[in-house]
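I opened the notebook for a look around this structure. These are my entries, in the order I made them.

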Amino acid sequence: MNTREKAYAKLNLSLDITGRLPDGYHAMRMVMQSCSLCDELDITLTDGEYFCKSALPYLPSDGRNLALKAAKLFFEKAGIRGRGVYIELNKRIPVCAGLGGGSSDAAAVLRALNRLLGVGFSVRELEVMGEQLGSDVPFCVAGGTVLAEGKGEILTPLPAMPDCHLIICKPDFPISTPELFARAGRSTQRLSPDTQGMISALESGDLGGVARRMYNVFEDVLPRRCAGVFELKSRLLELGALGASMTGTGSAVFGIFADDDSARYACSEIVCHQMFSARPV
Ligand code: C5P
């Protein structure tokens with residue numbers, strides 16, 4: 001038995017840290033958006049072996065791979081024994097980018113196995129399962145336009161982001177997520193995004209209003225070696241983006257464009273390690 005599933009990248013339209021949780025994690029308030037940049041997973045059931053094949057030598061192919069962890073967890077929760085998965089992962093979402101690639105792959109495995117095996121877990125049940133795998137996994141189960149709070153598991157659907165063109169730029173340096181959380185924890189804050197204003201802009205279908213309110217508090221605590229993030233943001237804005245921001249803990253930066261022509265032009269002008277065009281999904 002086998003199936004194919006897409007795993008969409010996530011973008012943070014806004015990202016705020018609102019406090020500290022008793023377990024040391026940070027309390028978040030984020031407007032999240034899935035986009036058409038995606039990985040593709042070919043998932044085949046096995047008699048108990050777990051293996052993930054991809055073209056990237058640094059992605060683990062064994063049980064350390066988050067997609068395989070998701071499969072293991074799914075079988076456990078569904079009470080299914082003696083099964084494993086062989087996954088062929090066509091990875092297009094850059095890693096260490098803040099685009100939720102690994103989380104989205106894990107969520108795709110949960111959705112795909114639920115469908116393939118006819119288990120019938122609800123979306124909510126899959127999201128709760130996802131919490132055990134990583135903070136962004138619950139959002140990635142259903143995607144769309146969502147307010148995510150808590151560690152990222154308290155999800156409130158929002159009106160869909162107005163259609164637009166997205167340019168995603170991934171510089172050649174990675175940023176460590178735990179390091180950036182630690183830096184944010186040490187900093188005496190600072191400005192916060194106008195999350196409520198962004199939600200109102202979404203409610204009225206005001207793309208400009210959404211773009212103007214893009215703000216990620218991690219940008220305020222970036223180490224100096226990550227100045228490339230600000231250069232990319234400036235470049236996107238100079239070239240006609242309505243708004244631009246880093247996503248998650250970076251290092252990817254994205255810009256929102258109202259039309260295809262200006263997005264294409266920006267894409268042809270910007271020099272960056274990896275670039276993608278996408279639409280909200
Ligand atoms: O949950 P996830 O594995 O994506 O988190 C990676 C790291 O990011 C955690 O080990 C923690 O240091 C930090 N984190 C946090 N607060 C969150 C989410 C992640 O401090 N809400």
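**Entry 1: a helix residue.** I began with Ser200, which is found in helix α6, residues 195–203. Helices here are DSSP runs of H or I with at least four residues, strands are runs of E with at least two, and both are numbered from the N terminus. Ser200 counts as partly exposed because its relative accessibility is 35%. The cut-offs I used are under 20% relative accessible area for buried, over 50% for exposed, and partly exposed in between, with a 1.4 Å probe and protein chains only. I then looked up Ser200 against Asn65: they are 135 residues apart in sequence, and their C-alpha atoms are 39 Å apart in space.

**Ground rules.** I noted that this is a predicted model, where local features need pLDDT of at least 70 and side-chain atom pairs count only at pLDDT 80 or more, while totals for chains, interfaces and linings use all residues. Residues are numbered from 1 along each chain as its sequence is written, and side-chain values use heavy atoms, with hydrogens and water left out.

**Entry 2: strand β1.** Which strand holds Asn12? I found Asn12 in β1, residues 2–20. Asn12 has 0% relative accessibility, so it counts as buried. Its side chain makes a polar contact with the side chain of Lys10, at 2.6 Å. A polar contact is a pair of N or O atoms within 3.5 Å; within protein, one must be able to donate a hydrogen and the other to accept it, and residues adjacent in sequence count only if both atoms are side-chain atoms.
Arg4 also lies in strand β1. Arg4 is exposed because its relative accessible area is 53%. From Arg4 to Glu203 I counted 199 residues along the chain, and their C-alpha atoms are separated by 34 Å.

**Entry 3: strand β7.** Is Leu166 buried or exposed? Leu166 lies in β7, residues 165–170. At 1% relative accessibility, Leu166 counts as buried. Leu166 and Glu269 are 103 residues apart along the chain, with their C-alpha atoms separated by 15 Å.

**Entry 4: two loops.** I checked the backbone next. Cys96 is found in the loop between β4 (84–90) and α2 (101–116). Its phi is near 55 degrees, a positive value in a residue other than glycine. Cys96 counts as partly exposed because its relative accessibility is 48%.
A cis peptide bond joins Gly250 and Ser251, with omega about 10 degrees. I placed Ser251 in the loop between β9 (243–246) and β10 (253–257).

**Entry 5: the ligand.** Which residues are around the ligand? I listed Tyr25, His26, Met28, Gly134, Ser135, Lys151, Thr177 and Phe181. To be near, a residue needs a heavy atom within 4 Å of the molecule. By class, this shell has three nonpolar, four polar and one charged residues. At least two shell residues come from each of β2 (26–46) and α5 (177–186).
I looked at the side chains of two residues. An N or O atom of the His26 side chain is 2.8 Å from an oxygen atom of the ligand. For the Ser135 side chain, an N or O atom is 2.6 Å from a ligand oxygen atom. Taken alone, the ligand exposes 460 Å², and the protein buries 70% of that. Those areas come from the Shrake-Rupley method with a 1.4 Å probe.

Technical notes:
Nonpolar A, V, L, I, M, F, W, Y, C, P; charged D, E, K, R; others polar.
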